[in-house]
Amino acid sequence: MTIFYEFEGKLYANITNRCPCACVFCIRKNGDVIGDSDSLWLEREPTLDEIIAAFDAYDKEGIKELVFCGYGEPMERADVLMEVARHVKRVTDMKVRINTNGLVNLIDPSFDVYSMRYIIDSISVSLNAPDSDTYYEITQPAFGLPAYHSMISFALLAKNIVGDVTFTVVDSFLSEKQIADCQKLADDLHIPLRVRHYVTDNESYT
Ligand code: SF4
C-alpha cells in the first residue's frame, strides 16, 4: 500500500481514493501511478496510526514539503489529514500543503476551517472554471451546481486563515476566453491562478 511517494523533490501523501467529483482531466482515469510510485489505488484506507508510522519510517532526507494530494480528495478525511499535519509539524520543519477540490464544506460540514491556522502552510484549490455551469461540466461534483460557490467560499476563507492559497485550472478543457475569465475572477478575489497543462503522468490535479 503506497501512502507516501516522492515526486519532483516533494513528499506526497495518499490517504484516500474517495472523491465526490469526476473531473474530465482526472489522472485516475489514466493509470494508477505517479512518477516512480507503486500503484496509488489503496486496497483500504490506512488508519491514522498507519499513516503516522509510515511517515516516521520514510527517509525524508532533503524533503522540505509534504503535499496531501494522492489518488482522491484528501479532505474526504479532513480530520485524519489534520492529525497527520499536526504530527508533521511536531516532528519536522516541513511545509504542509493541501491540493484540494475545495469542497470540504459540503463533504464534511462539521470541519472547522480555522483549525488549519498555523498547521497548513498552503492550499491549492481547483477552480477549474469561470462559472458554475462550466464547473459542473468539467468537475461533475456529486453536490451539483452549488459546489462551485462552496469551493469559492472555501478558498476565500482559507485565504484569510492560511494565507497562501492558489487557484488552478487545467488548460485543455477551457477556451482562451474562459481562461481569461478565470484569471479575472482570481484577480478580483486576490488569489493567484496557476494554469496547468493537461498531462497524464504528473501529480494529481486535485
Ligand atoms: S481531479 Fe481531483 S477532484 Fe477531480 S475527480 Fe480527480 S481526484 Fe477528484
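Reader: Hi! Which residues of helix 4 are buried?
Author: In helix 4 (residues 132-139), the buried residues are T134, Y135, I138 and T139. Buried means under 20% relative accessible area, exposed is over 50%, and partly exposed lies in between, with a 1.4 Å probe and protein chains only. Helices are DSSP runs of H or I with at least four residues, strands are runs of E with at least two, and both are numbered from the N terminus.

Reader: And where do they sit around the axis of helix 4?
Author: They are on the same side of helix 4, because they cover an arc of only 110° around the axis. That arc is taken from the directions from the helix axis to the C-beta atoms.

Reader: What do those buried residues pack against?
Author: The buried residues of helix 4 pack against strand 5 (122-126), helix 5 (147-161) and helix 6 (176-188). Contact here means heavy atoms within 4.5 Å.

Reader: Good. What should I know about the model itself?
Author: This is a predicted model, where local features need pLDDT of at least 70 and side-chain atom pairs count only at pLDDT 80 or more, while totals for chains, interfaces and linings use all residues. Residues are numbered from 1 along each chain as its sequence is written, and side-chain values use heavy atoms, leaving out hydrogens and water.

Reader: Thanks! Switching to A78: buried or exposed?
Author: A78 counts as buried, because its relative accessibility is 3%. A78 lies in helix 2 (residues 78-91).

Reader: Which residues does A78 touch, skipping those up to four places away in sequence?
Author: With those left out, A78 touches V104 and F111. As for V113, it is 35 residues from A78 in sequence, and their C-alpha atoms are 9.7 Å apart in space.

Reader: How about N105, where does it lie?
Author: N105 lies in helix 3 (residues 104-107). N105 counts as partly exposed, at 28% relative accessibility. Not counting residues up to four places away in sequence, N105 touches V113, S150 and F154.

Reader: Zooming out, how many helices and strands are there?
Author: The protein chain has 6 helices and 7 strands. Along the sequence they follow the pattern β-β-α-β-α-β-α-β-α-α-β-α-β.

Reader: And what share of the residues is buried?
Author: In the protein chain, 54% of the 206 residues count as buried.

Reader: Last one: how far apart are the mean positions of the positive and negative charges?
Author: They are 4 Å apart, for 19 positive and 32 negative charges. Lys and Arg count as positive, Asp and Glu as negative, and His and the chain ends are not counted. Each charge is placed at NZ of Lys, CZ of Arg, CG of Asp or CD of Glu.
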